[in-house]
Amino acid sequence: MKNLLEIKDLKVTFPTDDGFVHAVDGVSISVAPGETVAIVGESGSGKTVTSLSVIGLHNRRVTQISGSIIVNDKNESLDIVSAPLDKIRSYRGRVVSMIFQDPMSSLHPYYRIGSQLAEAYLVHNPGQKEAANKKAVEMLELVGIPEPQVRAKEYPHQFSGGMRQRVMIAMALMNDPAVLIADEPTTALDVTVQAQILQLLKDLQKKLNMGILLITHDLGVVAQVADRVSVMYAGRIVEQGNVDDIFYSPHAPYTLGLLKSVPRIGAKSSERLKAIPGQPPSLINLPTGCAFAPRCEYISLAPSGSCESLKPELLGSNSEHKSRCHVPEDKRDKTFAAEIKGARA
Amino acid sequence: MSTPLLSVRNLQKYFPTSRNVGFRKEKLQVKAVDGISFDLMKGETLGLVGESGCGKTTAGRTILKLIEPTAGEIVFDGKDITKLRPGLMTPLRAQMQIIFQDPFSALNPRQTVGKIIAAPFEIQKVTPEGGVKKEVAALMERVGLNPEHYNRYPHEFSGGQRQRIGIARAIALKPKLIVADEPVSALDVSIQAQVINLIDDLQKADGISIVFIAHDLSVVQHISDRVAVMYLGKIMEIAKTEDLFTAPHHPYTTALLSAVPQPDPRSERTRERIILKGDLPSPINPPAGCVFNTRCWKAQDICRSKTPELLTVGKSQVACHFPE
Amino acid sequence: MVVYGVFSILPFDPAALTCGQKCTPQVIEANRIKLGFDKPLWEQYWLFLSGIFLGRTYGAGSAEFSCPAPSFGYSFNENMCVTDMLKEALPVTINLAIGAFIIWIIVGVGLGLLAAKFRGRYPDTLSSVFVLLGTSLPTFVTGLFLLIYVSIKWKIVPLSLEGYKSLFDDPLGYFRYFILGWITLAIAYAAFYTRFTRATVLETLGEDYIRTARAKGLTERVVLLKHTMRAVLAPITTSAGLDIAGLIGGAIITESILNLAGLGRMTIQAVYEFDLSVVVATTMLAATVVITMNLIVDIAYGYLDPRVRMK
């Protein structure tokens, strides 16, 4: 079965007043049907730029982009990087859809919900107004909005934050897309609403067998919904694998650092959190060698000098679980295992 | 040592607002904080959690009299400050400080870091021994900043560093009470841990009492001694941290805890989740009786008519007619 | 009422102005009685107000004459009922305002849109030059300039020495009469609207809901013309409504320079000649128009911005 989304060696750079920002530096990710792949990272990791590039929403005049982003649907496929804009537009909202972080501002305040939903359908099926309106109401029902016919005539400000995100999801699914990109979809929502929305996404995925690319910084959300995970740092993927591998046997020092530093409910609160020292690097002047080296506590375990001078490759003894680190994998397994046990006590 | 540093009783803060009904203007009240009571001991950290609209931020600011309370009583260090006029509050403010959520807007972009941290001394007309400059340098070191950067401007620092500046400013006058309003919510995950540790260390070293406002339950659990859960302006449950998280008594607390995703995939796959039905009611028109009744799976008639009192159940205080 | 009050405090005798140089005290006195200036102030005011609804009669006996309702008084300078004067001048001003409005909206909003779409490139720079000129040149400069060059030197449009021509009677004459006035006003207003539209469009383009529109697969053209303009419409309507209202009060300078027989010119002449009734009438008219327009704009805003509608 073909992957719905194949990102290969994506590189994105754009100029700023201080120099060129290497936002994404060689990222490869794939999403299969029915699978949820999470991209985890903090601000500056390049996760959002990656997600925007998939539907070509980067600033085309100034951004330089290379590599390939192949979207495969039932009987068509397209490379977003090299495709002309009008072809990309024909894919947007139809084969690949995106929902964003802040549902309060993502809907047009002056148009009714029903018409905004119908528009998503009409863009790709011009002239079919009746079908569009009917589908709009159906989708509202599918995402759990009570009294959909009535609410379709209302305006966004009459909906709560959680409801608006449901509407956004409905809008994204109007044309049965193969891939849904969700950029921090629940970050702006309350935790009880977040639970509802994540559950909704999981249910819809099962129904429609679509692939979901989920961008988030929240490890809890990743654990709840992801099947596979890519951890990004300074524009590169530092670890990639299925969700259990990432959380129970992380291979990248950064991943381990994140897992140790996140407070958990049930953990002994008397212990200090093991914070990662220092800060993420500037994307304009990336350090030579491994981008995480300045903050890494395991440099001593690697061949001397390699971390500062050589960029590690994304490798793994198991092809499903790869990571970037100069420390030999077996050494990491031993050292990290002990730490992970401690973190999850 | 049983006299609380801070004692709050039936604190209320209503904000007036209006709505256009046809051509008339209907006067309404946003009941942001609707009668909360709690004590805070010296050196204790009380976590104040809740979702948007629960009133925790308003409560934090009202306690410090940054907002004037509509009703109720606030007793700080033995003094009833509820009705104290702003002018008379000033000397007390050296004892009560605040750390804000947004590191980007909490600092005046036109002032150097040194000036920002020195401001409390100027305002309170206090000169620390050794001089202001020396004290500022010492404070910067304490929060993990390089004292040589005192001449830099906020935009030259990262979010985490700016939050440290805000903390330095807050502890400058050695206050007895700090209200920390979502101090780590706007920070990256790897930086959050640093700042949480910092606040923890400072508190243990100086014996400061902290009201820690947050929506992230994991953070609150880590840093608080006791936790109060708020919903629609009222406190649903107050308990010692471990009691609240291991044996919650209020249905809302249970729902909240069940909603928080944990970085543990196996447990996430198997755990049972309570999904609350319905939407958050408006604080302008909160439900009668128990404010949580519209979404509570246990709601009975009494819940819709009688507001439950905060009573002791086990080791916690719970406002519920049918606590777990 | 304020206008009335102000005028009665002014140190001159309205009756004395009723006749020219060859006045005799008796005529003045007679006029005073005839026009009711001998009565106490509050009674004058009452007569004025009631005249609006009931019409007003002046003088007594054989010298009696009346201005039918609505009567705003009588202008002895022109020897006409003010209402008739208004009836003549109002259409000119309205035509001037509306014609200019059509031009400035099309030019202003259109240019603003182009400037926003091609931000930083030559359409944007050109339009900012235009904005600079339009906002810095006062209407009397533009008006005079046009008058001198277009009318006198190049003789493209003849000087309007003949007076107002209705659109229906004489279309060519109509355009000739108004075109310079339209252009003069349009330049000044279009400049403001260009800048305003550009800023609002740019601000809207940064909004999240525009990003959503693009994510749906909409073309840039639809995004700009449908989604963005819809959001920009509300503030522009508010501005436009109030600007038109102000213009109906009378574009005094433009009308005077180009000799257009509208309310503005009528008002300024009345001020020079201390013609109380006319000034009071035009001020009241202008005020009423502004207030009405404010109300209309408020209601329109409610239609355009649903968030304001229902609360």
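Across which strands of chain B does helix 5 of chain B lie? In this predicted model, local features need pLDDT of at least 70, side-chain atom pairs count only at pLDDT 80 or more, and totals for chains, interfaces and linings use all residues. Residues are numbered from 1 along each chain as its sequence is written, while chains are lettered from A and ligands numbered from 1 in the order in which they are written. Helix 5 (residues 159-171) of chain B lies across strand 6 and strand 7 of chain B, at about 175° to strand 6 of chain B.

**Sheet of chain B**

- Chain B holds an open sheet of eight strands with mixed pairing, in the order 6-7-8-3-9-10-12-11; strands pair if DSSP finds at least two bridges between them.
- Strand 6 (96-99) and strand 11 (311-313) of chain B are at the edges with a single partner strand each, so one side of each lacks a neighbour in the sheet.
- Neighbouring strands of this sheet are turned by 20° against each other on average, direction ignored.
- Strand 11 of chain B pairs with strand 12 (residues 316-318) of chain B in the antiparallel sense over three bridges, and B:S316 is the bridge partner of B:V313.
- Helix 1 (residues 56-63) of chain B lies across strands 3, 7, 8 and 9 of chain B and runs at about 155° to strand 8 of chain B.
- Helices (H or I, at least four residues) and strands (E, at least two) are DSSP runs, numbered from the N terminus.
- Axes are lines fitted to C-alpha atoms, for helices over the stretch in contact, and angles run from 0 to 180 degrees between N-to-C directions.

**Chains A and B**

- The contact takes 36 residues from chain B and 35 residues from chain A, two residues being in contact if their C-beta atoms, placed from the backbone, lie within 7 Å.
- Helix 6 of chain B gives the most to the side of chain B that touches chain A, with seven residues.
- The axes of helix 10 (residues 253-261) of chain A and helix 6 (residues 189-206) of chain B come within 9 Å and cross at roughly 45°.
- This contact is made by A:G257, A:L258 and A:S261 of helix 10 of chain A and by B:V189, B:S190 and B:A193 of helix 6 of chain B.

**Chains A and C**

- Chain C contributes 17 residues to the contact and chain A 22 residues.
- Helix 8 (208-215) of chain C is among the elements that give two or more residues to the side of chain C that touches chain A, and helix 8 of chain C gives the most, with six residues.
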